[in-house]
Amino acid sequence: MYTRRIFPVAGVLKWTRRHIFLFLFLALIPVFLFDVLGLKWLHVPWLPLGVLGTAVAFIVSFKNNASYDRLWEARKIWGGIVNASRSWTIMVKDFINNNHAKSPLSERELALIHRELVHRHVAWLTALRYQLRKDKPWEMHLKEKRSNIEFRASQYRVCEDEIPIEEVIKSYISDKEYKELFAKGNQASQILGIQSKRLKDLMNQGLIEDFRHMEMTNMLVEFYTLQGKSERIKNFPYPRQFATLNYLFVWIFIILLPFGIMEGFESIGDHILEDLVNHESRTSLGHLAQEFIAKHFVWFSIPFSALISWVFHTMEAIGENTENPFEGGPNDIPITDMSRGIEIDIRQLIDDTNIPEPYVWKNDIVM
């Protein structure tokens with residue numbers, strides 16, 4: 001997630017520079033054939049091309065809206081995780097006590113139980129964010145792009161790619177739970193299952209009464225719900241048939257665009273030549289320069305064609321890079337930073353020690 005007020009335009013140009021050169025080259029070919037080799041028939045009427053461009057604009061807009069909806073839904077889900085985590089911690093702190101205990105515990109023993117449940121919840125956050133950062137087949141083509149590889153290496157870091165989950169999660173759970181956790185598939189779900197068993201044990205000891213046990217169990221159900229919503233976005237991509245056709249339509253428009261605007265720019269040059277006929281001095285340097293520009297005015301279609309192509313392609317690329325909000329890109333939901341913020345918040349609520357510091361991010365990109 002970018003935190004600057006204005007999106008870095010220089011970064012966008014650097015990210016798309018290869019395509020800019022490609023668009024210039026694609027526009028150069030028809031102009032060379034049209035003006036140098038004299039193939040004046042080599043053009044496309046602007047009317048059908050304009051209709052195609054309008055259709056492509058609608059398609060790109062539809063995809064970007066859908067991508068934004070996926071991004072915003074993911075942000076709302078993790079906002080719910082933030083709120084539910086605080087509520088869980090307050091329940092742990094206030095509901096687990098000696099009021100109905102069969103064998104009352106000391107304050108230190110109660111504090112250790114509070115710490116155990118809160119730390120296990122941090123382990124759930126850790127397991128969930130690692131699961132959401134795993135690569136899916138439909139995400140790999142973005143990560144393998146040369147421009148994206150260069151951008152990631154120079155601009156930001158993804159902690160989940162640098163440190164294995166086993167190393168991070170070990171300090172939050174017992175050795176027995178650690179072995180149980182990695183013997184099964186979905187670590188985040190297993191952690192919530194362990195939390196449920198632990199709550200049942202505490203209820204049997206009388207440390208939680210029935211009503212409060214039910215409330216805490218409902219909170220675990222809420223965590224399952226939020227996890228499932230996150231997994232739904234992660235495991236179901238933007239429909240590939242729409243994404244593929246959108247990509248093809250954009251490139252069809254980009255390829256045909258130079259053929260459609262050449263004739264318009266040549267007409268502008270012809271109008272300039274007509275105006276130059278009225279000049280009193282036709283041998284001055286200014287007149288000769290204007291005449292030369294007017295005769296070859298069609299070459300100005302190259303930068304304009306590249307500009308229009310860049311706009312359409314960049315909007316399509318932004319939608320493509322935003323549609324998977326957990327893949328580890330600069331436009332994603334900052335679940336790593338949010339998890340650390342939740343950890344700090346809930347551990348402070350129980351007066352825990354050795355609380356980690358917030359992450360320090362670079363280049364205004366928060367992950």
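A residue counts as exposed when its relative accessible area is over 50%, and as buried when that value is under 20%. Keep both cut-offs in mind on this tour of a predicted model.

**Stop 1: the segment after H15**

Select Asn354. It lies in the segment after H15. Its relative accessibility is 73%, so Asn354 counts as exposed. Now check the backbone. Phi of Asn354 is positive, about 55°, although the residue is not a glycine. Most residues other than glycine have a negative phi.

Step back to Asp351. This residue is also placed in the segment after helix H15, which covers 335-349. Is Asp351 buried or exposed? Its relative accessible area is 63%, over the 50% cut-off, so Asp351 is exposed. Asp351 is another non-glycine residue with a positive phi, here near 60°.

**Stop 2: Trp41**

Go to the loop between helix H2 (17-36) and H3, and select Trp41. This tryptophan is exposed, with a relative accessible area of 62%. Trp41 and Glu263 are 222 residues apart along the chain, yet their C-alpha atoms are separated by 9.6 Å.

**Stop 3: helix H4**

Select residues 107-133, which form helix H4. How many of the 27 residues of H4 are buried? The count is 20, so H4 is largely enclosed by the rest of the structure.

Zoom in on Leu110, in helix H4. Leu110 is buried, at 5% relative accessible area. Show its contacts, leaving out residues up to four places away in sequence: Leu110 touches Ile96, Asn97, Asn98, Leu105 and Leu207. For Asn98, also draw the C-alpha distance. Leu110 and Asn98 are 12 residues apart along the chain, and the separation is 8.5 Å.

**Stop 4: helix H10**

Move to residues 187-204, helix H10. The helix has 18 residues. From first C-alpha to last it reaches 26 Å, close to the 26 Å expected at 1.5 Å a residue.

Begin at the start of the helix. There, a side-chain oxygen of Asn186 reaches to within 3.3 Å of the backbone nitrogen of Ala188.

Next, color the buried residues of H10. They are Gln187, Ala188, Ser189, Ile191, Leu192, Ile194, Gln195, Arg198, Leu199 and Leu202. Which helices do the buried residues of H10 pack against? Show H3 (46-95), H4 (107-133), H8 (165-169), H9 (175-181) and H11 (210-235).

Pick Gln195 from this set; its place is in helix H10. Its relative accessible area is 2%, so Gln195 falls under the 20% cut-off and is buried. Beyond residues up to four places away in sequence, Gln195 touches Trp88, Leu117, Arg120, His121 and Leu220.

H10 is followed by Gly206, whose phi is positive, near 85°.

**Stop 5: Asn246 in H12**

Select residues 240-276, helix H12, and find Asn246 within it. Asn246 is buried, with a relative accessible area of 2%. Which residues does Asn246 touch, not counting those up to four places away in sequence? Display Ile59, Val60, Lys63 and Glu316.

**Stop 6: the second largest pocket**

Rolling a probe the size of a water molecule over the atoms shows where empty space is left. The second largest pocket has a volume of about 250 Å³.

Select its lining in groups:

- Met1, Tyr2 and Phe7 are among the lining residues.
- Tyr68, Leu71, Trp72 and Arg75 also line the pocket.
- Pro330, Asn331, Asp332, Ile333 and Pro334 complete the lining.

Color the lining by residue class. How many residues are nonpolar, polar and charged? Nine are nonpolar, one is polar and two are charged.

Definitions and conventions:
Residues are numbered from 1 along each chain as its sequence is written. This is a predicted model: local features need pLDDT of at least 70, side-chain atom pairs count only at pLDDT 80 or more; totals for chains, interfaces and linings use all residues. Side-chain values use heavy atoms; hydrogens and water are left out. Helices (H or I, at least four residues) and strands (E, at least two) are DSSP runs, numbered from the N terminus. The expected span of a helix is 1.5 Å times one less than its number of residues. Buried means under 20% relative accessible area, exposed over 50%, partly exposed in between (1.4 Å probe, protein chains only). Contact means heavy atoms within 4.5 Å. A polar contact is a pair of N or O atoms within 3.5 Å; within protein, one must be able to donate a hydrogen and the other to accept it, and residues adjacent in sequence count only if both atoms are side-chain atoms. On a 1 Å grid over the protein atoms alone, a cavity is a set of points where a 1.4 Å probe fits but cannot get out, and a pocket is an open set with protein on both sides within 12 Å along at least five of seven lines; lining residues have an atom within 4 Å of a point. Grid points are joined across faces, edges and corners, and a volume is the space filled by probe spheres set on the points. Ala, Val, Leu, Ile, Met, Phe, Trp, Tyr, Cys and Pro count as nonpolar, Asp, Glu, Lys and Arg as charged, and the others, Gly among them, as polar.
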